[in-house]
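The model under discussion is predicted.

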Amino acid sequence: MLELRHVFKSFSDRGRVMPVLHDIQTTIEDGQLVCIVGPSGCGKSTLLRIMMGLAPPTSGEILYHGSPLAGVNLRAAMVFQSFALLPWLTVQSNVELGLKARGLTGALAQQRANFYLDKVGLDGYEEAYPSELSGGMKQRAGIARALAVEPDLLFMDEPFAGLDALTSANLREEVLTLWSDRALPVHTVVMVTHIIEEAVLMADRVLVMAQQPGRIAADLDVSLERPRNKRDPGFDALVDSIFEKIV
């Protein structure tokens with residue numbers, strides 16, 4: 001579905017070139033849930049934005065279904081860590097926002113938004129404002145907004161960061177349920193997380209990044225059966241292996 005070929009990214013800081021990503025080469029297969037882990041500042045979020053088309057690489061190429069990606073990928077959507085809800089709009093209007101930007105309005109947009117709000121457990125909160133929601137409910141609204149455009153590929157940038165442990169665990173399970181629901185269009189997810197246990201709980205593959213500059217240090221398949229058990233010796237062994245590869 002997605003291929004990155006020799007992707008480099010650097011920024012300029014008062015005349016100094018600051019390399020952020022170094023020679024990233026990887027593929028994302030249709031139907032996979034891939035997690036990207038690595039130390040803070042290694043370029044995980046930058047890589048996600050390049051995959052989405054929100055930021056251009058300094059050099060290299062991104063292919064989507066074999067064709068070069070030019071600009072934002074309209075067949076993809078993103079869930080942000082910061083929720084990114086507009087505070088002056090209701091939950092319903094926030095979810096409809098992406099639909100209207102893509103030309104779907106009126107009753108059809110309302111019906112689509114209601115369907116995905118129900119899927120994420122926010123049925124009955126359509127007229128609430130973001131300030132009236134808990135952190136977990138705000139993130140559910142963000143997930144509903146991303147799902148409502150019915151993308152082929154869903155990007156998630158540390159979507160559970162800043163939430164309490166119980167809410168995070170519940171949302172992880174809900175995302176896995178949505179991803180595995182063959183009746184929904186989203187079958188491929190790429191998620192950034194700084195929690196290695198979270199990546200092993202959720203992913204088919206884990207891309208391990210190292211820093212200075214950011215690069216892929218390892219690409220690991222997760223063959224543990226679902227649902228996964230943190231007490232499984234194989235779980236601990238894989239977590240330890242990932243820790244060892246983050247340098």
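Q: What makes up the largest nonpolar core, and which residues have the most contacts inside it?
A: The largest nonpolar core comprises 55 residues, and Ile143, Leu154 and Ile242 have the most contacts within it. Helix H4 (residues 135-148) gives the most to this core, contributing seven residues.

Q: Why is this core said to lie between domain 1 and domain 2?
A: Both domain 1 (2-75 + 151-246) and domain 2 (87-149) give residues to this core, so it lies between them.

Q: Why is Phe115 placed in its accessibility class?
A: Phe115 has 39% relative accessibility. Because this value falls between the limits of 20% and 50%, Phe115 counts as partly exposed.

Q: What makes the pair of Phe115 and Tyr116 stacked or edge-to-face?
A: The ring centres of Phe115 and Tyr116 are 4.9 Å apart, within the 6.5 Å limit for a pair. Their planes stand at 90°, over the 60 degrees required, so the pair is edge-to-face.

Q: Why is the contact of Asp181 and Lys119 called a salt bridge?
A: The N to O distance between the side chains of Asp181 and Lys119 is 3.4 Å. A salt bridge requires a distance within 4 Å, so this contact qualifies.

Q: How much area do domain 1 and domain 2 bury between them?
A: Domain 1 and domain 2 bury about 1200 Å² between them, with 67% of it on carbon and sulfur atoms.

Conventions: Residues numbered from 1 in each chain as written. Predicted model: local features only at pLDDT ≥ 70, side-chain atom pairs only at ≥ 80, totals over all residues. Heavy atoms only, no water. Core = buried A, V, L, I, M, F, W, Y, C linked by side-chain atoms within 4.5 Å. Buried < 20%, exposed > 50% of the residue type's maximum accessible area, 1.4 Å probe, protein only. Helix = DSSP H or I, 4+ residues; strand = E, 2+ residues; numbered from the N terminus. Domains from an automatic or database assignment. Phe/Tyr/Trp six-rings, centres within 6.5 Å; stacked < 30°, edge-to-face > 60°. Buried area = accessible area lost by both parts, 1.4 Å probe.
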